[in-house]
Amino acid sequence: MCGIMGYTGNNDAREIILKGLSALEYRGYDSAGIGIYDNATGKVRVSKCIGKVKNLASKAEKENISGSCGIGHTRWATHGGVTEENAHPHQVGKVTLTHNGIIENYEELASEFGIEENLVSETDTEVACSVFNHYYNKYKEPFKAIYKAVKCFRGTFAFTIIFEDIPGKIFAVRNVSPIVAGKTEHGTMLASDLTALSLFTKEYMVLGEYQILVMDKDGLELYNIHGEKLDIEYLTIDWDMDAATKKGFPFYMEKEINEQPEAFLNTVEPHCVNGLPDFTEEGLTDDVFKKYDRIFITACGTAMHSGQVGKGLIEHLAHIPVETEIASEFIYGEPILDEKTLVISVSQSGETIDTLTAVHKAHEAGADTLGIVNVHGTAIARESDYVIYTSAGPEIAVASTKAYTVQLAVFYLLAAKLALVKGRMTEDKCRSFMKELMSVPEKIKKVIKDKDKVHKLATRIVEAKNVFMLGRGLDYYAILEGSLKLKEVSYIHSEALPAGEIKHGTIALISDETPVILSVTQDKLAAKEISNAKEVKSRGALVILLIKDGVELENEDQWDAVYRLPADSDELMIFSVTVALQFIAYFTALDLGLDVDKPRNLAKVVTVE
Ligand code: M6R
């Protein structure tokens, strides 16, 4: 959460930082700010404002904030409301600083350092800034000041710091929250992630925890926390730099929905060897898989929804017991784990703090960990024993779409692999399963082609206050995700329920014209689902059916809207119904005139508990 960007060099720092911040806005967009060293006065001039980076751009221009060394920030508020005072950068004495993370002991520190009276904001960051300033005044040199200050902090942080009397240099230090940095012909820069950095350079380095990065116009230098110099390992960005642009779509969400067939193949194909699922590249050999007699899946939000499908598939195909637990519950619960348990954590960003903490907890309990992660080199990937990367490419819209689909794809591969290894599936059966899996992109493309038809369904719910979604089996898992999508982008309350459960209470909320969306994609459950649809219809509900092509439907006209999904085996239907539900959410938000990519109160990367 929060995006940070810094630049020092020969070019206009304001322009570069604002461009980087715009790319990082998906990490938070409550307020934004910039601080640039002003050669004329020898001071760092700060401009900040509530709202998005475009507001900051006009304000900073009006205030004529300019120079060639500066830092910027886009904020997702944690401590203190959304106000200009609470926006970053913060300044105390000679220190100007931006922060991503949370300093948990900031109240204790404020009283220990006797600074409560002087604070102008309500933030933990301003307290941290004061602590840096205290030690900088005391030791008169940056390394000792940074060392002493970070020793005081409990929590997570990525700090970028300008010391007013060290012009042209930016210092950075981090714990958990990420920082990447790189150099160009005209200077050096750092950012929270590669989405921003990739706009300027392909070569980058990842700042390690408790390392100190020093940047100036000529290059980067790396030190350990004691100020001893370290070698820098440079990496190359291996994604298509164009992938993080909208490519003509009005919103990233639509573009990313459209990218799903390709993302699916990019994820599945490398793991299909001689027609069978294979993870040897990741160190997951048959012997490794044989070791586990239980699986635990932990994640948050959409990633958890993919995990729930994973549970269904692994239990169905491989007969291995699987438990799922939301990461924020897992870390404070008492999950029963041992060395025969594989804990799978799923995360698009690889940074979600609860999921990362779950990985630590699993290790402490002696379990092996497998991360299913989209962003390379991130904390969850690095700290898991095994990692399977999904190949969605950069996902910019806050609402996850393609990342979910490829997480599902990995669970299909894993379930088939486990079934094979445990002798629950023959090689022949597995080969035909893989063949069917490879045909999923065609089904997804068909729904994408039908997007106008799906848009019509969305027009039926656009004025609703509440929507209900019903399904059984895999349909239930699909609507869990569909319902989250609708809520987060349209702000319409939506509740997903197992279809058979509605009459145990929730049906009391159904009255005339209450929209109810049913996912009917499982041959063996269709009749039951349709009879649940009749139950709500007879209470006046406006019923929308997303139904597998070929499933018989008597008197189709009795339903308010019907969309036929391309037929596939029951197990694979979740992909096409997911895309239809994504479009329903997207078009509803679009028709409501909302900022689809940046829903209120949310951020793409959740690095606070
Ligand atoms: O980066 P992660 O996959 O760990 O993020 C977990 C959730 O915050 C995330 O899936 C969230 O629910 C989606 N962005 C919602 O669309």
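**Around the ligand**

Mentor: Helix H10 gives the most to the shell around the ligand, supplying three residues, and please keep in mind as we go that this is a predicted model.

Trainee: Okay, and which helices each supply at least two residues of that shell?

Mentor: Those are helix H10, which covers residues 301–318, and helix H18, which covers residues 474–490.

Trainee: Which residues come nearest to the ligand?

Mentor: There are 14 residues around the ligand, and of these Ser347, Gln348, Ser349, Thr352 and Glu488 come nearest.

Trainee: What about Thr352, how far is its polar side-chain atom from an oxygen atom of the ligand?

Mentor: For threonine 352 that distance is 2.4 Å, while a polar side-chain atom of glutamate 488 lies 2.5 Å from a ligand oxygen, and for lysine 485 the corresponding distance is 2.9 Å.

Trainee: How much of the ligand does the protein bury?

Mentor: The ligand exposes 410 Å² when taken alone, and the protein buries 90% of that.

Trainee: And which pocket does the ligand sit in?

Mentor: The ligand sits in the second largest pocket.

Trainee: Switching topic, how does the span of H20 compare with what it should be?

Mentor: Helix H20 runs over residues 573–591, and at 1.5 Å a residue its 19 residues should span 27 Å, which agrees with the 27 Å between its end C-alpha atoms.

Trainee: Why is H20 described as largely enclosed?

Mentor: Because 17 of its 19 residues are buried, H20 is largely enclosed by the rest of the structure.

Trainee: What follows H20?

Mentor: H20 is followed by glycine 593, which has a positive phi, near 75°.

Key:
Residues numbered from 1 in each chain as written. Predicted model: local features only at pLDDT ≥ 70, side-chain atom pairs only at ≥ 80, totals over all residues. Heavy atoms only, no water. Helix = DSSP H or I, 4+ residues; strand = E, 2+ residues; numbered from the N terminus. Expected span 1.5 Å × (residues − 1). Buried < 20%, exposed > 50% of the residue type's maximum accessible area, 1.4 Å probe, protein only. Near = heavy atom within 4 Å. Polar contact = N/O pair within 3.5 Å; in protein donor to acceptor, adjacent residues only side chain to side chain. Areas by Shrake-Rupley, 256 points an atom, 1.4 Å probe, with all protein chains shown as cover. 1 Å grid on protein atoms, 1.4 Å probe; cavity = no way out; pocket = protein on both sides within 12 Å on 5 of 7 lines; lining within 4 Å. Sits in = over half its atoms within 2 Å of the grid points.
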